[in-house]
Amino acid sequence: MTGYPAAYLAWQARDVARGPGLVAAIVAGVFALLVWRLPEAAMAAGGGVLLTGYLQQVGWPLVLVATGEIVRTDRSEGYYRFYFSRPVQPALFYLVRFLLGFALVLAAVAVAVLAIWARGGGLDLEPRLLGQLSLTYLLLGGTVFLVSTATTAGPRDWLVALLVHVFQNTIAELLSNGVDLWPALRWLHAILPPMHRLGAGLDGADALHAGLYGAGLVAAALLLLDRRPLGGGARD
Amino acid sequence: MIALEGLGKTYRSPLRRRAVAALDGVTLAVPDGEVLGIAGPNGAGKSTLISLLLGFLDPTAGRATIDGQAPRAWVRRRGAGYLPELIALPGRWRAADALARAAVLSRVPPGDRARRVAACIERLGLEEHAGKQVRQLSKGTLQRLGLAQALLADHALVILDEPTHGLDPLWTQRFRDVVREERRPGRVIVVASHNLDELERVADRVAILHRGRLERVAAPGTGPTGGWYRLRLAAPHPALAAAFPGAEPVGGTGAEVRIHGEPAALSAGLRALLEAGAVVEAWYPERSRLEAAFREAVGEQ
């Protein structure tokens with residue numbers, strides 16, 4: 001392990017653990033505490049119900065925490081000059097960081113599963129739930145990643161992704177209730193990341209759409225990192 | 001090693017209504033083994049030139065190459081030792097960890113990393129600060145950490161932007177020794193600085209930028225001084241006025257004057273003064289040759 005990325009992986013993991021990892025640890029810790037104090041009657045409903053509720057409530061916020069400011073801070077603070085004056089490919093560097101964020105989300109899920117198991121709720125983590133979480137990471141996290149890579153000013157990347165998330169789910173809700181919307185809103189709804197398709201009714205077509213869209217976002221971010229210079233000005 | 005051909009960089013506002021030419025038509029070749037200084041007033045384009053050399057920016061005109069390759073491709077393959085004008089490192093990193101990270105990212109062989117980090121800590125006097133977080137370091141110590149991370153690996157290209165910024169006089173002197181030690185065949189060291197005295201001491205040539213243009217490439221120690229000299233005698237002497245009729249008194253002691261003239265006339269005056277029994281304490285050009293070249297290049301006499 002003479003260089004990047006293998007030899008630097010431990011340092012990057014440490015940065016993730018000490019940054020977004022703290023928030024994830026608090027969220028998972030609070031859930032574990034709640035599970036520990038649940039009455040026996042509530043546990044009787046089964047661990048799967050608890051876990052589904054946990055992922056629905058904190059899954060997407062955890063994704064925002066794990067991917068927020070993934071590139072932008074390094075550029076705005078000038079840290080990129082330390083990393084990329086060395087023989088390091090920015091696209092590979094941030095791909096590793098993106099994957100470490102996913103590992104962090106999985107770790108937060110693992111803590112929840114272990115907490116439920118410790119209360120006798122069983123280790124029943126459905127593959128479907130895991131798939132849904134992975135797609136959420138790819139699509140929502142991919143949106144954060146691309147916004148983080150493409151912008152150096154304006155609102156924070158995770159906030160932009162959050163607004164898209166809220167917009168898409170609101171419009172989808174309105175359309176499902178038969179509300180007649182402006183064509184411009186329908187058009188935006190059609191082209192923005194399909195976050196509304198990651199809900200409870202996720203089917204194969206939804207998964208394919210969300211997965212391909214998310215992969216496209218990540219690929220676009222990596223392409224930008226590879227092709228575009230990182231500096232915005234002489235001292236940026 | 002480095003070739004700049006008509007290199008230009010114009011910053012444009014997002015809507016392209018405003019354009020600022022930071023660098024314009026810079027042509028320069030820097031051979032292996034050279035220490036190149038870059039001087040210029042604020043906003044002359046020094047930092048833009050450095051960002052172009054590291055591939056952090058793309059030129060809008062001309063081209064820059066390092067060993068025939070575009071800078072970004074070259075740096076991503078081989079890396080450079082780089083000290084930015086304002087070193088930025090996450091505040092929670094510890095100084096020794098920052099160097100360990102730099103060693104890994106610079107592909108220093110695993111068996112050599114600890115030794116190199118320890119050597120850099122000792123060389124830059126960071127022993128008592130190695131365990132401190134970056135946010136706890138003083139400006140001067142942070143600058144030394146910046147120098148340490150830039151010099152840690154044996155890169156063929158070293159770029160130091162205002163390297164003595166924030167250093168105390170002792171470390172400023174020590175920096176000159178460090179540059180001398182770092183110089184070797186096959187390596188280019190680029191030092192950008194406002195401190196002309198520093199550049200005069202460390203650089204083989206100094207590129208003087210003004211308003212984005214390369215006005216002159218001066219070799220320290222050569223060229224005109226601007227023609228003004230200072231003469232200080234041990235005590236006032238009546239022969240002084242006759243030896244240098246146009247001399248301007250300095251300081252009111254009657255023993256120090258500033259003199260303008262050609263070397264031959266000045267030598268004759270000095271000889272006459274010494275023959276009259278005056279004791280000369282000091283005789284020196286009022287401006288260094290580089291300073292004279294700099295003032296001329298930026299249009300200020």
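First, the ground rules. The model is predicted, so local features need pLDDT of at least 70 and side-chain atom pairs count only at pLDDT 80 or more, while totals for chains, interfaces and linings use all residues. Residues are numbered from 1 along each chain as its sequence is written, chains are lettered from A and ligands numbered from 1 in the order in which they are written, and side-chain values use heavy atoms, with hydrogens and water left out.

Let me start with chain A. Chain A has eleven helices and zero strands. Helices here are DSSP runs of H or I with at least four residues, strands are runs of E with at least two, and both are numbered from the N terminus.

What radius of gyration does chain A have? The value is 19 Å, and it agrees with a compact globule of 236 residues, which would be near 18 Å. That radius is taken over C-alpha atoms, and the globule rule is 2.2 Å times the number of residues to the power 0.38. Along the principal axes, the C-alpha atoms of chain A fill a box of roughly 65 × 50 × 30 Å.

Of the 236 residues in chain A, 45% count as buried. Buried means under 20% relative accessible area, exposed means over 50%, and partly exposed lies in between, with a 1.4 Å probe and protein chains only. Now take the contacts in chain A with a separation of 6 or more: 79% of them come from residues 24 or more positions apart. A contact means heavy atoms within 4.5 Å.

Next, the interface. Chain A brings 35 residues to the contact and chain B brings 38 residues. Between them the two chains bury about 3100 Å², with 55% of it on carbon and sulfur atoms. Buried area is the accessible area (1.4 Å probe) that two parts lose on being put together, summed over both.

A salt bridge is a side-chain nitrogen of Lys or Arg within 4 Å of a carboxyl oxygen of Asp or Glu. On the chain A side, α1 (9-18), α6 (80-84) and α11 (204-227) each supply at least two residues that touch chain B. Of the helices, α6(A) gives the most, with five residues.

Last, salt bridges within the chains. Over all chains the count comes to 30. In chain A, R72(A) and E69(A) meet at 4.0 Å, N to O. R72(A) counts as buried because its relative accessibility is 7%, and E69(A) is also buried, at 15%.

In chain B, R187(B) and D154(B) meet at 2.9 Å, N to O. This pair links distant parts of the chain, 33 residues apart. R187(B) sits in the loop between α6 (169-182) and β7 (188-192), and D154(B) in the loop between α5 (139-151) and β6 (157-161). Buried or partly exposed? R187(B) is buried, at 2% relative accessibility, whereas D154(B) is partly exposed, at 48%.

Both residues belong to a network of salt bridges that also links R123(B), R174(B), E181(B), E182(B) and R184(B).
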